[in-house]
Amino acid sequence: MSLHIFKLGQLCNSCLRIFQAESATCTFLPKRFRYYWEARAENRQRKMLMMITVPKLRKKKDSAYIKRKQPDKLYGLDILLHKEIQEIFNNNRMIAACLYADQPDDDYYRVRYELQQHEISMEQYDQHVIDFTLKSTPYAQFLTLFDGPCTMIFGEPNVPQMISALKNNKQMLLIGGMVDGKYMSSKQLSDYANLKGLDHCRSELSGILSSAVSSTRDLLQQPAAALTVSLGEHTKYKTDDKMVAE
């Protein structure tokens, strides 16, 4: 038993001398640098930092602007949404685009409820469905409005009620739209909302026409009235001459 212990001690001493000799000739690396980077798991904080940090790359002078590839065909639910957007553009007098930001669902549905009280609806559609529906159509100019997170507002042209409903929500911004086939910016829509009602315009028009008719009547009657006055004076003058002659 003691012989085996003695041989084991000699073997450990020889291994220790070999290791010391090799360590003298080579550089000792800490444990954390002994692995390959490909085999190690990426640091979680470094991974999150690289996700939000975009490296600044040099732009080539001959590099052309690469447009987003448009889908050649729609599938599943997108087909139903495509038909729904077609019906919206064919059957509604007013269509508007509204920039949409993240907000609580209560605020969004409150604005939607206020719009529904005035025969106006509001829906959200995916960007690729809108692009596929409006391209190569007379409404292709709308693609510039829906380039981003937007909602579609459509219905009767009750522009003042629409602007008042959107004014209460700071997370929604009216970009532009179309009313009765005419494209309008947000400023033009606000000017359109400030216009007076049709009944008021009719009353003003009737007042203008009645005043014009009355003035025309006075002008036409003025020569006849002057002639009547002249004939009356002439008759009175002749009667006075006859009385003097008698």
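These are my notebook entries on a predicted model of one protein chain.

**Entry 1: ground rules**

I number residues from 1 along each chain as its sequence is written. The model is predicted, with local features needing pLDDT of at least 70 and side-chain atom pairs counting only at pLDDT 80 or more, while totals for chains, interfaces and linings use all residues; side-chain values use heavy atoms, without hydrogens and water.

**Entry 2: the chain as a whole**

I looked up the secondary structure and found 8 helices and 5 strands. These are DSSP runs numbered from the N terminus (helices H or I, at least four residues; strands E, at least two). Along the sequence I read the pattern α-α-α-β-α-β-α-β-α-β-β-α-α.

I then checked burial. The chain has 246 residues, and 20% of them count as buried. Buried means under 20% relative accessible area, exposed over 50%, and partly exposed in between (1.4 Å probe, protein chains only).

Next came contacts, meaning heavy atoms within 4.5 Å. I took those between residues at least 6 apart in sequence; 76% of them join residues at least 24 apart.

**Entry 3: aromatic pairs**

I found 6 aromatic pairs in the structure. Rings of Phe, Tyr and Trp (its six-membered ring) pair if their centres lie within 6.5 Å; planes under 30 degrees apart are stacked, over 60 edge-to-face, and the rest tilted.

I noted Phe-89 with Phe-142 as one of the pairs: edge-to-face, 5.4 Å centre to centre, with 85 degrees between the planes. Phe-89 sits in helix α3 (residues 77-91) and Phe-142 in the loop between α5 (127-134) and β3 (150-155), so this pair ties together parts 53 residues apart in sequence. Both Phe-89 and Phe-142 are buried.

I also logged Tyr-108 with Tyr-109, again edge-to-face, at 5.2 Å centre to centre and 80 degrees between the planes. Are these two buried or partly exposed? Tyr-108 is buried, at 7% relative accessible area. Tyr-109 is partly exposed, at 47%.

Phe-89, Tyr-139, Phe-142, Phe-146 and Tyr-183 form one aromatic cluster.

**Entry 4: α6 against α7**

I compared helix α6 (residues 159-167) with helix α7 (residues 186-193); their axes come within 8 Å and cross at roughly 120 degrees. That makes α6 oblique to α7. Axes are lines fitted to C-alpha atoms, for helices over the stretch in contact, and angles run from 0 to 180 degrees between N-to-C directions. Under 35 degrees is roughly parallel, over 145 roughly antiparallel, 65 to 115 roughly perpendicular, and the rest oblique.

Which residues meet here? From α6 I listed Val-159, Pro-160 and Ile-163; from α7, Leu-189, Ser-190, Tyr-192 and Ala-193. The residues of this contact divide into 6 nonpolar, 1 polar and no charged. Ala, Val, Leu, Ile, Met, Phe, Trp, Tyr, Cys and Pro count as nonpolar, Asp, Glu, Lys and Arg as charged, and the others, Gly among them, as polar.

**Entry 5: two strand residues**

I picked Thr-151 in strand β3. Thr-151 counts as buried, at 0% relative accessibility. Leaving out residues up to four places away in sequence, I find that Thr-151 touches several residues, including Tyr-108, Met-122, Phe-146 and Met-172.

I then turned to Ser-121 in strand β2 (residues 120-123). Ser-121 is partly exposed, at 28% relative accessibility. With the four-place exclusion, Ser-121 touches Met-152, Ile-153 and Phe-154. Ser-121 and Phe-154 are 33 residues apart in sequence but 5.5 Å apart in space, C-alpha to C-alpha.
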